[in-house]
Amino acid sequence: MAPWSRYLLTGAETWIAHAMAVAHGANTWYGIYQDNNTDARMNTVKAVNQFLEQNEEDLTGTRSAARVALLWSDSTANHYQSTSEETDFTRGEDRLTEWQQGDARGSFMGWYDALSRSRILFDVIDEASIGDGSFQRYDLVILPESSCMSEEEAGHLEAYVRRGGKLIASFDTAFYDEEGTRRPQPLLADVLGLKEVVGILPSRFDHMETEWGDPLLKGMDQSLIPAPSLSVRGKPSPGVHTVMRYRRKQESRYEELPDATDFPFILRNRHGAGEAIYLTGNVGKFYECYALPEYRTLMTNAVRELCEDWVIVETEAESLHLSLRKKKNRWMLHLINYTGSMTRPIGSVLPLRMLPIRLRIPGFQATRIWSSALQRTLPFQEANGEVITELPELSIYDILVVEHGSASGKCRRSLFHNTTRGKGRDAHHEKRNLPTSDTKRKTSVEIFETTSGKFPSANCQGAGCQ
């Protein structure tokens with residue numbers, strides 16, 4: 001925990017940190033000081049290693065089955081402007097100086113949080129994935145205010161959409177070149193359906209008017225919602241479908257509500273065989289700051305309009321993160337529960353019980369579902385192309401492994417949870433969707449070796465975590 005390297009996190013946070021890494025195919029490294037070697041919290045690390053070792057087969061040599069990709073743009077972080085967290089490699093930065101520019105990190109984290117809380121399966125990719133073409137295996141690519149972009153990258157993305165890919169972009173995506181110089185016209189304007197940029201406006205008291213009946217607004221019940229803090233005011237190309245409109249600038253909190261403008265908030269455009277949705281405001285950063293539920297609804301509705309879910313866990317808890325990975329005839333569904341106090345570090349996690357899970361994958365026929373944490377087979381049924389099961393209890397981390405006869409296919413809407421029968425502990429890092437590696441991953445712990453023990457309870461922190 002920066003900057004206090006000798007401070008050990010709670011058992012719950014230790015489990016969550018390791019689970020988030022291995023669930024997405026990454027290696028973990030857990031370094032400690034000699035001072036920590038007698039701390040009871042180290043028993044949590046032993047329990048983590050135990051679980052990873054027991055489930056090594058289902059954690060090694062896997063590939064992500066996510067069909068949605070969220071882009072992290074190094075060019076935007078380096079040549080635009082961005083806040084940053086203090087780490088071993090970066091200094092903390094929370095001041096932004098250019099009012100017409102957004103926040104690269106904040107925008108990315110807002111999108112990340114909205115997707116995770118909505119239990120949408122997604123991978124994080126980088127610009128190298130755009131350059132080498134590996135991003136094309138995804139059905140949908142999200143550009144979260146990816147402001148800086150080269151002509152080559154924009155060309156790859158345009159061709160991807162033209163051939164049938166789906167794209168979501170927000171605010172000033174591709175308004176700047178890869179070195180941070182403003183372009184006269186955004187590179188992806190034709191793809192996004194943007195005919196002309198009139199200007200960029202800041203908003204403090206402004207609102208937008210909703211339009212009932214549009215699928216992008218499904219689940220919203222307020223006729224006015226706050227406008228994002230920054231927005232592109234632009235004119236759509238002919239034939240582009242628009243959703244919602246900005247109201248005129250409101251100079252103070254209590255003045256009369258101004259009239260609506262002709263500037264749209266959302267553009268939905270067909271481009272070749274593909275489709276793009278353009279949210280003209282800095283929705284990612286705005287959601288990171290205020291977490292308004294209407295923004296998460298808009299963002300995730302856009303995702304689900306273009307790429308329908310394969311996995312649905314039916315729960316009211318937002319604090320459940322999912323990752324789906326595949327290996328030969330097994331699908332591993334990682335479930336990470338961080339339901340606890342409203343502060344971090346989390347002291348203890350509240351278990352989730354009786355979680356209905358529905359899974360629909362084209363050509364999928366389940367033969368067995370196994371809970372790695374509970375160490376038991378789960379009953380299931382198949383109906384209307386769905387595999388339906390129920391997880392009795394989720395403490396902090398579980399891997400459900402579903403063994404099957406065959407599976408293939410692209411994104412489609414589904415109402416189910418994928419389960420996996422898990423005994424794996426390792427996986428391969430999928431940062432750029434490079435070819436799968438069978439390299440084994442262990443949590444490296446200096447001083448202690450893995451010892452046997454039971455999977456920890458949700459409130460486990462100390463010696464009882466063995």
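Is cysteine 289 buried, exposed or partly exposed? I looked it up: cysteine 289 counts as partly exposed, at 44% relative accessibility. I use buried for under 20% relative accessible area, exposed for over 50% and partly exposed for in between, with a 1.4 Å probe and protein chains only.

**Ground rules**

I am working from a predicted model, in which local features need pLDDT of at least 70 and side-chain atom pairs count only at pLDDT 80 or more, while totals for chains, interfaces and linings use all residues. Residues are numbered from 1 along each chain as its sequence is written, and side-chain values use heavy atoms, with hydrogens and water left out.

**Cysteines**

I searched the whole structure for disulfides, taken as pairs of cysteine sulfur atoms within 2.5 Å, and the search gave 0. I also checked cysteine 148, which counts as buried at 2% relative accessibility.

**Histidine 79**

Cysteine 148 came up again among the contacts of histidine 79. Leaving out residues up to four places away in sequence, histidine 79 touches Cys148, Glu178, Glu179 and Gly180; contact here means heavy atoms within 4.5 Å. Histidine 79 sits in helix 3 and is partly exposed, with a relative accessible area of 40%. Helices (H or I, at least four residues) and strands (E, at least two) are DSSP runs, numbered from the N terminus.

**Two loop aspartates**

I found aspartate 103 in the loop between helix 3 (74-79) and helix 4 (104-117). Aspartate 103 is buried, with a relative accessible area of 0%. A polar atom of its side chain lies 3.3 Å from the backbone nitrogen of glycine 106. Beyond four places in sequence, aspartate 103 touches Tyr80, Gln81, Ser82, Thr83, Leu96 and Lys285.

Aspartate 206 is in the loop between strand 7 (194-202) and strand 8 (207-209). Aspartate 206 counts as buried too, at 5% relative accessibility. Its side chain makes a polar contact with the side chain of serine 203, at 3.2 Å. A polar contact is a pair of N or O atoms within 3.5 Å; within protein, one must be able to donate a hydrogen and the other to accept it, and residues adjacent in sequence count only if both atoms are side-chain atoms. Outside four places in sequence, aspartate 206 is in contact with Pro226, Ala227, Arg248, Lys249 and Gln250.

**Strand 5**

I went through strand 5 (residues 140-143) and found both faces covered: Leu140 and Ile142 are buried on one side, Val141 and Leu143 on the other. Strand 5 pairs with strand 3 (residues 68-72) in the parallel sense over 3 bridges; strands pair if DSSP finds at least two bridges between them. In that pairing, alanine 69 stands opposite valine 141. Strand 5 also pairs in the parallel sense with strand 6 (residues 166-170), over 4 bridges, and there leucine 143 has alanine 169 as its bridge partner. The chain goes from strand 5 through helix 6 (residues 151-162) to strand 6 in a right-handed β-α-β crossover. Right-handed means that, with the strands pointing away from the viewer, the path from the first strand over the helix to the second runs clockwise.

I checked the length of helix 9 (residues 293-306): its 14 residues should span 20 Å, and the end C-alpha atoms are 20 Å apart, which agrees. The expected span is 1.5 Å times one less than the number of residues. Helix 9 has 11 of its 14 residues buried, so it is largely enclosed by the rest of the structure.

The peptide bond from arginine 344 to proline 345 is cis, with omega near 0 degrees. Alanine 291 has a positive phi near 55 degrees and lies in the loop between helix 8 (283-290) and helix 9. Methionine 354, in strand 17, has a positive phi near 50 degrees.
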